[in-house]
Amino acid sequence: MTTKRSAPQRDHLRTEYYRRRNLPHPTMQATIKPYTNNALGHTMRFLLLLLMTTAMISISGCESTYYNAMEKVGVHKRDILVDRVGEAKEAQKDAQEQFKDALTEFRSVVSFDGGDLEAHYKRLNGEFEDSEAAAQEVSDRINKVESVADALFDEWQDELQLYTNARLRSDSANKLQATKRQYSALIKSMRRAEKSIDPVLNALRDNVLYLKHNLNASAIGALKGELAGIDRDVQQLIGAMEKAIRESDAFIKQLK
């Protein structure tokens, strides 16, 4: 039995869904809509979207500037890498729960035996949108891990030339290679887990679209044949993420 996501978690995922696509959130659309019926309205809408986009770019900032600023306050790339691996791990755990929720809702749809089919469709579509947002969060977290890891390894390699003690240089070089090997296993595991999301999202999207345009009992029969495949893909996704989570724990333990 899966644990349903809390309202704040769902709100966060939905906000991410609209943000990733540079779309105004439904609450923002209510503000924009009254202005869209004339030339001034189009200008206002453009300016609002421009401000939103500029804000997102400003927040993202430059990674190298961020690393430099953090180092000045005693937080080094190694520390940031540990934090980001942990954040990627948590994103994968959240994604596991979200896809379990989506599978549960899909099972509910194919078990439909009368009632409000449109309500079932809306719930399934909501789970699909939340799943897309969770998948994007996983990808973003993995990308951030790669960014700081590349910066750390480049810096580590460059600073080997600064040693005057050959023994210490050799020891540091060996540690660098060992860390890179373990990191390579970690990032491959993360990317495999990320890739395992695609079949599930694709299947959910197909079934949500089919149900949207065929809100009748006969559509349920067609969807029933898809359940076994989606169930299998979700279980493979969960297994791949579990492996990546174990790799994350081992990597964090080595770096700490």
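A crossing is left-handed if the near helix is turned anticlockwise from the far one by less than a right angle, and right-handed if clockwise. I keep this convention for the entries below.

**Entry 1. Basis.** I worked from a predicted model, in which local features need pLDDT of at least 70 and side-chain atom pairs count only at pLDDT 80 or more, while totals for chains, interfaces and linings use all residues. Residues are numbered from 1 along each chain as its sequence is written, and side-chain values use heavy atoms, with hydrogens and water left out.

**Entry 2. Whole chain.** I looked up the secondary structure and found ten helices and zero strands in the protein chain. These are DSSP runs numbered from the N terminus (helices: H or I, at least four residues; strands: E, at least two). Buried residues make up 38% of the 256 residues, buried being under 20% relative accessible area with a 1.4 Å probe, protein chains only. I then checked contacts (heavy atoms within 4.5 Å). Among those between residues at least 6 apart in sequence, 79% join residues at least 24 apart.

**Entry 3. α5 and α7.** I recorded an angle of about 25° between helix α5 (residues 77–110) and α7, with their axes 12 Å apart. That makes α5 roughly parallel to α7, the class for angles under 35 degrees, whereas those over 145 count as roughly antiparallel. Axes are lines fitted to C-alpha atoms, for helices over the stretch in contact, and angles run from 0 to 180 degrees between N-to-C directions. The crossing of α5 and α7 is left-handed. Val85, Ala88 and Gln92 of α5 meet Leu186, Met190 and Ala193 of α7. Ala, Val, Leu, Ile, Met, Phe, Trp, Tyr, Cys and Pro count as nonpolar, Asp, Glu, Lys and Arg as charged, and the others, Gly among them, as polar.

**Entry 4. α7 and α10.** Helix α7 (residues 166–195) packs on helix α10 (residues 227–255) at about 155°, with axes 8 Å apart. The two are therefore roughly antiparallel, and α7 passes α10 in a left-handed crossing. The contact includes Leu186, Met190 and Ala193 of α7 and Ala244, Phe251 and Leu255 of α10. Its residues divide into twelve nonpolar, five polar and three charged.

**Entry 5. α6 and α7.** For helix α6 (residues 117–159) and α7, I read an angle of about 165° and an axis separation of 11 Å. This pair is therefore roughly antiparallel, and its crossing is left-handed. Among the residues in contact are Phe153 and Trp156 of α6 and Tyr183 and Met190 of α7. I noted nine nonpolar, six polar and five charged residues there.

Terms used
Parallel < 35°, antiparallel > 145°, perpendicular 65-115°, else oblique. Buried < 20%, exposed > 50% of the residue type's maximum accessible area, 1.4 Å probe, protein only.
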